[in-house]
Amino acid sequence: MSHKPERVFNALIHLFHEIVREAVAMNVSSKTASRYFSLRILLPAALALALFVLSLYQFVIPQFEDIILGRKREMIRELTTSAWHVLERYHTEQRDGRMSEAEAQAAAVAQVGHLRYGEEGKDYFWITDERPFMVVHPFRDDLNGTDLSDFTDSHGKRLFVEMVAAVRDDGEGFVDYTWQWKDDSTRVVPKLSYVRQFEPWGWIIGTGIYLEDVRDQIETLEGDVVSISLWITVTISLLLAFIVMQNLRAERRRQQAEHELREAKEKYEALVEASTEGLLMLTEGAEPYMNASLLALAGYSEVGDAAPDWTGLFPDLSSEDLHAQADGDGETQIETRLQRRDGSGIDVLLSVSTVQVLGRTGRVVIIRDIAAHKALADELDETREKFLSLTKQLPLAVFRTDASGGLPVLECNAATAMLFGRGSVTEMLGVDFAEFFEERKDFDAFAAELLRTGMMSQRIERLRRSDGQALALTLSVALVRDEDGTPRYCDILAEDRSDERDDEERKRRLLSDMQAPLLFLAQPVGALMREVPICGTRYPLSGILRLMARADSDAVLLRDDAGAMIGIVGRDEIRNALVRRERAEDLLAHEIMRAPLLRLPESASVHEALTLLDAMQTDLLAVHAPTGEVRGVVAIADIHRSALHSYHGFLRQLHQAGSAAEIGHERRQLVHAVATLIDSGAGMRHITHTLTAINDAAVRRALGLALEALGAPPCAFTFLVLGSEGRREQTLATDQDNAILYDDVEGADAEFAASWFLQLGEHVCRSLNEAGYPYCPGGIMAMNPKWCRPLADWKRYFTDWITTSDPRDLLDISIFFDFRCIHGDASLGARLREHVFDTASGYHSFFAYLAQNALRNKPPTWQFKPAESMDVKAAMIPVVDLARVYSLRHRVSATGTTERLSQLHDRGVFSAAGFRDITQAYDLLLALRFREQARAIAANRTPGNVIATPSLSDIDLAALRRAFAQVETFQSKLSVDFRGTM
């Protein structure tokens, strides 16, 4: 352990010595100073500080060291994997015959030898073979081509032999040893390297980190800890000095207090005698004491009168009764009569309290004359009767409760009993008002606020009747207190507002209607699959009909001579054939089949099947196993028969909307239900799929209304959605990003097509704006002539962006690379995407610029401050950017971020662990974004993307820090893969 903790202890001891000297200077005896200072203050404080420093150096700092080293190990693993792909690429060139093995190996050695990373650009990769011989080392040319079997480090370790052993079993591993510091051969330091086998050439490629870097970070952390420890020590020591000074002053005050106590006794006796209220004190083993006011009240005020027996003053109250009444805690009040000397009696109120006098228990009784109060109480009783008579006529619930416990009802009118489900006023009396709250904690909060404020006006509370029926009440409450401020009772006026809950009830019903369909739509389509007969392509129609009859099926699958499923024949094909031909039974299967075969994997969701069937305007699709073997078919009729299909019933209403206003109404209903479902536990992937389906349906219906108004288009076209909608990642807060792509036409037709499609774009964008999708602030919409163009112009746009744009230009147009066809001829979009892939494959600078832009967006700092807020959308951009860059590089046609990452993982671009980490990070950010927007909608606020970090739990913050660390790791990989340096 470092010697830095000793400096903390030395500073602590020095400050303690200063405090001791100050105590001695104040003439405190050594015995008193030892008792108050060493035992009660200094020793516990010193132990606490020692344990604090010890825990930092024994537990906290080692854990940080493990975390830092673990991240470094993961970093060099990902970097080595990226360099390993360089070897794989040249091996592919060799395997395809474009290069010889020697040429491929030489090119790979040249590229790997020039790869650098790190802050100084001096971290590198090396390659050995399995003998081991050095293939290439950037800073040790003397080792290239030499036998390394006997090469050892400064501790005698045969490091290259251990690297061969590390990859022999698992193909990869970590090795620690000592090595020269980067390009400085005079400095040898510990190093940890990761090596991975490239089996086709029998090579081993690796890179490493210098443990000196890790130790430097730990030293920096230790320095910060020492500084913090010193500040804590100084602060605590100052507090100890203050406490010692206070103790010394307290001792002087105690001596002064003894003197003042004697004076107070005399003053107290004078005060008691001067009191206008009677006072009786009964103490064990002492004579009862009565003050002058009590004697005067009883008629014994003449000089020379002997003090009476106190029991004779209260004939209705025995000594045992008085002691029994005062056995409880606090003060007890007793109403009785005082017997005067002349035989008359007066009504008095006794306030009895228990006291301790010199270790003996006593009773103090305050006697008040309440004759005037009794008269006033009679008047109040009369007023109360009038009040009750009035409240019985009111339709509102009016009642009075005691101010203690659960607020038991003391008085109420008939409307109160009826409101709370009690049969009569009698049944309502004595019932705790707390019983009508759904949870005790709600009542406790209500009672605490009432006690604090004393009054509530028009407070809305949700309660329950005795029969369990929910109530929404507006309460006006007044707390009445005694003269001494003690709460006595509450007067409450309650008005039923249950009718105002209808809107909330409709929301709950909509949630109920939506929850079950979402669960149904999320299940695999294989659960609805039916097996159907299979026949050859030359099977006659008459034979097909017999097959269908025997199997009780409405379709058959067709298999070619090679055994591949190529088409399907259903009832529609048979009906059409019978209408077209007189002797249709002689037709062969391949003449009437539907091809190509539309198919989905059996693991796909019912939602995906419905979307595909709707997009392709068909009623049947094939279902295949993971191996590609077709297992059966799913018909749209099978899905429609499900009682859980109400969700698509909502979508059908959206498809049938007759105006932009109706689109907006149906869309808001669906979006509100989805917002409610977020808190009900539905998966985030299903939420995004549902929102995509809603937004797609709204756009398609707006297009349908526009086409109904404008007529048939002059040529083939497709409507494109861009950005988050193109990626199927729209949230509850979204605007428009769209464009129109139409087929190339020439001459006068070109002008007419441009004008016609621009009208279409204006019609659609205007309708979407009226339906609740705001215009794009940047004008990226189909109503903009720049983004309503033929295929040739779009190809020219992308060619210019790829070949001539700089990084700043690509920042503004990156969303166009996420385009998706939502309506019309999808082949136009496919041709444009192939053009993008073909053009980009020849321009490496384009990928470098995209990577540079992706690296501009760093995840937020892992150390959040209490007053900070975080833009979740901005935090997700790094993941979206890196998925886009790799997808364009590897010709991945998917546009969604998670789909892109999944396909890249399948192609070996990302390791299994890396793919899992980055998708978990993205899903976490997506869930936080949805949760914040759902809360905004529930509070009638405009949903946004900014979250206040103090509102996040410790678990959320810890998960965010890990997610951002994973994003940083992938950005390091992106830097190496596309720029060659960190």
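**Salt bridges and helix packing**

Author: In this predicted model, R727 and E729 form a salt bridge, with their closest N and O atoms 2.9 Å apart.

Reader: What makes the pair of R727 and E729 a salt bridge?

Author: The term requires a side-chain nitrogen of Lys or Arg within 4 Å of a carboxyl oxygen of Asp or Glu. R727 and E729 have their closest N and O atoms 2.9 Å apart, and the pair therefore meets the cut-off.

Reader: Why is R727 called buried, and why is E729 called buried?

Author: Buried means under 20% relative accessible area. R727 has a relative accessibility of 11% and therefore counts as buried. E729 has a relative accessible area of 9%, so E729 is buried. Salt bridges that share partners join R727, E729, D818, D881, R884 and R900 into one network.

Reader: How many salt bridges does the rule give?

Author: The count comes to 39 salt bridges. One of them joins D342 to R340, where the closest N and O atoms are 3.9 Å apart. That value is within 4 Å, so the pair qualifies.

Reader: Why is D342 called exposed, and what is R340 called?

Author: Exposed applies over 50% and partly exposed between that and the limit for buried. D342 has a relative accessible area of 58% and is therefore exposed. R340 has a relative accessible area of 25%, so R340 is partly exposed.

Reader: Which parts of the chain does the salt bridge of R530 with D554 link?

Author: R530 and D554 form a salt bridge with their closest N and O atoms 3.3 Å apart. The pair links distant parts of the chain, with the partners 24 residues apart. R530 is in the loop between α13 (502-522) and β16 (534-536), while D554 is in the loop between α14 (541-551) and β17 (555-559). R530 is partly exposed, because its relative accessible area is 24%. D554 is also partly exposed, with a relative accessible area of 22%.

Reader: S553 lies in the loop between α14 and β17. How do you know whether S553 is buried or exposed?

Author: S553 has a relative accessibility of 5%, which is under 20%, and therefore counts as buried. Leaving aside neighbours within four places in sequence, S553 is in contact with V532, P533, M548 and R571.

Reader: What makes α27 and α28 roughly antiparallel?

Author: Helix α27 (residues 844-856) packs with α28 at an angle of about 170°, and the axes are 9 Å apart. The cut-off for roughly antiparallel is over 145 degrees, and α27 and α28 are therefore roughly antiparallel to each other. The crossing of α27 and α28 is left-handed. In this contact, F846, F847, L850, A851, N853 and A854 of α27 meet D881, L882, V885, L888 and R889 of α28. The contact residues comprise eight nonpolar, one polar and two charged.

Reader: How many helices and strands does the chain have, and what share of its residues counts as buried?

Author: The chain has 31 helices and 27 strands. Of its 982 residues, 43% count as buried. Among contacts with a separation of 6 or more, 59% are between residues 24 or more positions apart.

How values were computed. Residues numbered from 1 in each chain as written. Predicted model: local features only at pLDDT ≥ 70, side-chain atom pairs only at ≥ 80, totals over all residues. Heavy atoms only, no water. Buried < 20%, exposed > 50% of the residue type's maximum accessible area, 1.4 Å probe, protein only. Helix = DSSP H or I, 4+ residues; strand = E, 2+ residues; numbered from the N terminus. Axes fitted to C-alpha atoms, helices over the stretch in contact; angles between N-to-C directions. Parallel < 35°, antiparallel > 145°, perpendicular 65-115°, else oblique. Left-handed = near helix turned anticlockwise from the far one by under 90°. Contact = heavy atoms within 4.5 Å. Nonpolar A, V, L, I, M, F, W, Y, C, P; charged D, E, K, R; others polar.
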